[in-house]
Amino acid sequence: MLLAALLLSAPATIACPAPAIGFAPPLDRPLLLERRIERELRKGRFRQQIRYRLRFALAGRGFRLTVEQIALASDGPPELLRLLALQEESSAGETLEVTLDATGAILGISESPGAPERLAAALARLRTDPGVATRDAAEQAQIGAMLDRLAALTPDERAAIHQAKIERLVMFAGRPCAQAMVSTRDGARYRLTAAAGDSWELETVPGSFPDRPDAAQGTDRAVLSTATGLVLRLERQTVVRVAGTERKALESLTVSTDAGPSQP
């Protein structure tokens with residue numbers, strides 16, 4: 001009886017439909033990537049929605065991905081929104097050129113011309129913005145330190161920040177699948193929970209994120225297209241514990257076909 005109960009309560013095992021995940025991004029039509037962020041703050045809640053247009057093209061033995069930001073909207077405490085408005089001005093129309101190998105691994109990222117100058121101008125406006133001056137001395141010091149860190153970022157450090165976001169789109173491309181498990185290039189482990197046609201559903205294995213601090217616990221759920229090797233949907237929930245207080249953060253990525261004209 002005990003053995004039967006254990007067998008019935010055990011999760012179903014799903015075999016990997018393929019030993020590896022290929023990479024064949026669409027070359028004939030752009031894609032839309034929508035990123036939504038929601039975070040609990042000490043006072044209130046912050047929400048942000050960003051939309052990008054993605055275009056893949058062949059480049060040598062690999063691919064080139066052009067990422068263009070086309071929309072950004074934010075909602076939150078009034079004093080925060082003023083600072084975000086300056087950020088929106090500096091990032092409007094921003095584009096990135098991403099080089100990938102044939103398996104989907106990112107080889108390099110370059111910013112659009114003038115990006116460093118736009119960032120420097122935005123930081124200068126933030127330092128003198130009235131929204132900063134109305135905060136108490138401790139908060140002003142924190143904001144100043146953050147702006148100093150942003151100003152000191154090298155091109156390689158800025159590229160690493162961009163790469164961390166873009167890698168989510170291709171984190172399963174070229175990766176092997178064994179015993180219903182897929183590991184990303186940075187070591188995070190995902191369990192295959194469902195597979196139908198060229199659509200796989202995966203979720204994180206607890207404790208599988210080497211880059212997250214001990215105070216941050218989270219869960220990822222992803223939908224992968226094995227026809228392209230791209231993540232079509234990702235939902236990430238993180239709970240951060242600070243001084244005994246829990247604050248939740250939600251992030252979602254959704255990829256869809258752009259309704260614009262086909263590429264030549």
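A disulfide is a pair of cysteine sulfur atoms within 2.5 Å. In this predicted model, a search of the whole structure finds 1 disulfide, formed by Cys-16 and Cys-177. The count of aromatic pairs comes to 3.

**Disulfide**

- The sulfur atoms of Cys-16 and Cys-177 lie 2.0 Å apart.
- The disulfide of Cys-16 and Cys-177 is left-handed, because the torsion about its S-S bond is about -75°.
- Cys-16 lies in the loop between H1 and S1 and Cys-177 in strand S6, so the pair ties together parts that are 161 residues apart in sequence.
- Cys-16 is partly exposed, with a relative accessible area of 21%, whereas Cys-177 counts as buried at 7% relative accessibility.

**Aromatic pair Phe-23 and Phe-63**

- Phe-23 and Phe-63 form an edge-to-face pair, at 5.3 Å centre to centre and with 85° between the planes.
- Because Phe-23 lies in the loop between helix H1 (2-9) and strand S1 (31-40) and Phe-63 in strand S3 (residues 62-75), the pair ties together parts that are 40 residues apart in sequence.
- Phe-23 and Phe-63 are both buried.
- Ring pairs also link Phe-23 and Phe-63 with Phe-56 in a cluster.

**Aromatic pair Phe-172 and Tyr-190**

- The ring centres of Phe-172 and Tyr-190 are 5.0 Å apart and the planes stand at 90°, so this pair is edge-to-face.
- Phe-172, in the loop between helix H6 (155-166) and strand S6 (177-178), and Tyr-190, in strand S8 (residues 189-196), link distant parts of the chain, 18 residues apart.
- Both Phe-172 and Tyr-190 are buried.

How values were computed
Residues numbered from 1 in each chain as written. Predicted model: local features only at pLDDT ≥ 70, side-chain atom pairs only at ≥ 80, totals over all residues. Heavy atoms only, no water. Phe/Tyr/Trp six-rings, centres within 6.5 Å; stacked < 30°, edge-to-face > 60°. Helix = DSSP H or I, 4+ residues; strand = E, 2+ residues; numbered from the N terminus. Buried < 20%, exposed > 50% of the residue type's maximum accessible area, 1.4 Å probe, protein only.
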